[in-house]
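Please keep the structure open while reading.

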Amino acid sequence: MTLVADPLSPGGSLNEPPGLRLAMHHPRLAQRLFGAPLLVLPAKLDAIIGAVGARIALGVGTPRADGGLGAAVSPSPGYAVRNGIAVVPIHGTLVARTGGMDAESGLMSYPAIRAALDRAAADPTARSILLDLDTPGGEVAGLAALADRIEEVSRFKPVDAVANDGAYSAGYWLASSARRIYVTRTGGLGSVGVVMAHIDATAADEMRGLRWTYIYAGERKLDFQPHVPLSEEARGAGQREVDRLHGLFVDHVARRRRMEPEAVRATQAATFHGEDAVRIGFATAVVSSLDDAVGRIASSPVRGGMPRALSIRSTNMDDDMVGAPPAPQETAAAPPAPSAEDIAASYSAAVAELCTLAGMPERVAEIVGRKLPLAEVGKELLRIKAAEADKRHVSALRGPEAETPRDLWTRVIRAPDRERGEVSNATRRAF
């Protein structure tokens, strides 16, 4: 069966190359794939372009203002607690926003991953978190912020990662933010590189008898437009941005994996599998499955309810944390005093539990950062709740027509005694 579509229709023709189809008919969607740096395996980028381009030609889905397709959004990732470990799935191509594009291209957004991470961090039934990665990478926007959040959470609840079966490019940026990285025997990771694609539609325009005319100000305004040949200046600007992002990526991996930046850069965006990933320094250990990774973490020696601190003898940040037996102790020996890291971890876990019980898990990082005595944390949470309640009372008193403090005082004076008593303190503080 042959499918034919009007080349000038919104859908275009199945005979068009998918990338050209996107650039011609849905430029806002194309902006997210072309002319923007991506941290993704090139083969996966081709698959995304092909899948979405085919949907457009077949008329499946409608254009959206945010550059997506009008189809069902992939469900937000949650997490599952297994043997005391909160497993957070990170599966599919990573994007700043799904924009309505469905799971045909396997999209998962950074905000959805962060939401699951924060919920797991505040869950008192989980003593640590495991990121379950199967991703080729994705967009740059939003990636660094999520990686930073993983590091923040790991300060009070340990975060590990497993390439099950892939943590590539942007996925490896996230994985390297964890304290330990496992990889399955058939899994892979790496691809520490950046790619940017540009499509030149000028020849296709000429075949269609189309000539685009732009009225613009600024010589570089049309950089990366598909209907204008790519200038050397635009190519150079694109290369500089790709190089800049590559430098950030290399530095992040080098810092987190305790490697020399030159060693990371020397991988030339190659991918590594199984034992090779461990040998190069990109992974901690090979596991047989996700269950194996969960079992190793759950059985790690603990002190004070949290995984033991890193040894300064480690060459990688996690060498001594994988399956190492606790040092033998004499029967009469006194138990070792908790280290500063153990005390900090226990304190952070207690704060997380109190914030969760108070219904304010988003306050965990803030309270931990302030280093309040544990006895004062509950009082501080009550104070915050009271302040938020006061703001709501004042807002209710203001009403839509109140414009000045005098108007507000008039409302208080005229209010019944009971109501006045409830809000007068909040009003005084407000002004």
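A residue is called buried under 20% relative accessible area, exposed over 50% and partly exposed in between, using a 1.4 Å probe and protein chains only. The structure is a predicted model, in which local features need pLDDT of at least 70, side-chain atom pairs count only at pLDDT 80 or more, and totals for chains, interfaces and linings use all residues. Residues are numbered from 1 along each chain as its sequence is written, and side-chain values use heavy atoms, with hydrogens and water left out.

**Confidence**

The predictor's confidence in each residue is given as pLDDT, on a scale from 0 to 100. The chain has a mean pLDDT of 75, and 63% of its residues reach 70 or more. In residues 1–15 the pLDDT is below 50, and this stretch has 27 contacts in the model beyond near neighbours in sequence. A contact means heavy atoms within 4.5 Å. Residues 426–431 also have pLDDT below 50, with 12 contacts beyond near neighbours in sequence. Where pLDDT is low, the predicted coordinates should not be read in detail.

**Salt bridges**

How many salt bridges does a search of the whole structure find? It finds 18. A salt bridge is counted when a side-chain nitrogen of Lys or Arg is within 4 Å of a carboxyl oxygen of Asp or Glu. Three of them are listed here.

| Pair | N to O distance |
|---|---|
| Glu-151 and Arg-256 | 3.5 Å |
| Asp-276 and Arg-279 | 3.8 Å |
| Arg-370 and Glu-380 | 2.9 Å |

The helices named below are DSSP runs (H or I, at least four residues), numbered from the N terminus.

Glu-151 and Arg-256 form a salt bridge. Glu-151 belongs to helix α5 (residues 143–154) and Arg-256 to helix α8 (residues 232–257), so this pair ties together parts that are 105 residues apart in sequence. Glu-151 is buried, at 11% relative accessible area, and Arg-256 is buried too, at 13%.

Asp-276 and Arg-279 are three residues apart in helix α10 (residues 274–280), and therefore about one helical turn separates them. Asp-276 is partly exposed at 39% relative accessibility, whereas Arg-279 is exposed at 59%.

In the pair Arg-370 and Glu-380, the closest N and O atoms are 2.9 Å apart. Arg-370 lies in helix α13 (residues 364–370) and Glu-380 in helix α14 (residues 374–398), so the bridge links parts that are 10 residues apart in sequence. Is Arg-370 buried or partly exposed? Arg-370 counts as partly exposed, with 39% relative accessibility. Glu-380 is buried, with a relative accessible area of 10%.

**A loop lysine**

Lys-221 is found in the loop between α7 (202–208) and α8. Lys-221 is exposed, at 58% relative accessible area. From C-alpha to C-alpha, Lys-221 and Ala-234 are 9.9 Å apart in space, and they are 13 residues apart in sequence.

**Aromatic rings**

Rings of Phe, Tyr and Trp (its six-membered ring) pair if their centres lie within 6.5 Å; planes under 30 degrees apart count as stacked, over 60 as edge-to-face and the rest as tilted. Four aromatic pairs are present in the structure. One of them is Trp-212 with Tyr-214, a stacked pair at 6.3 Å centre to centre with 20° between the planes. Trp-212 is partly exposed at 41% relative accessible area, and Tyr-214 is partly exposed at 27%. Tyr-172, Phe-272 and Phe-282 make up one aromatic cluster.

Note on methods: Helix = DSSP H or I, 4+ residues; strand = E, 2+ residues; numbered from the N terminus.
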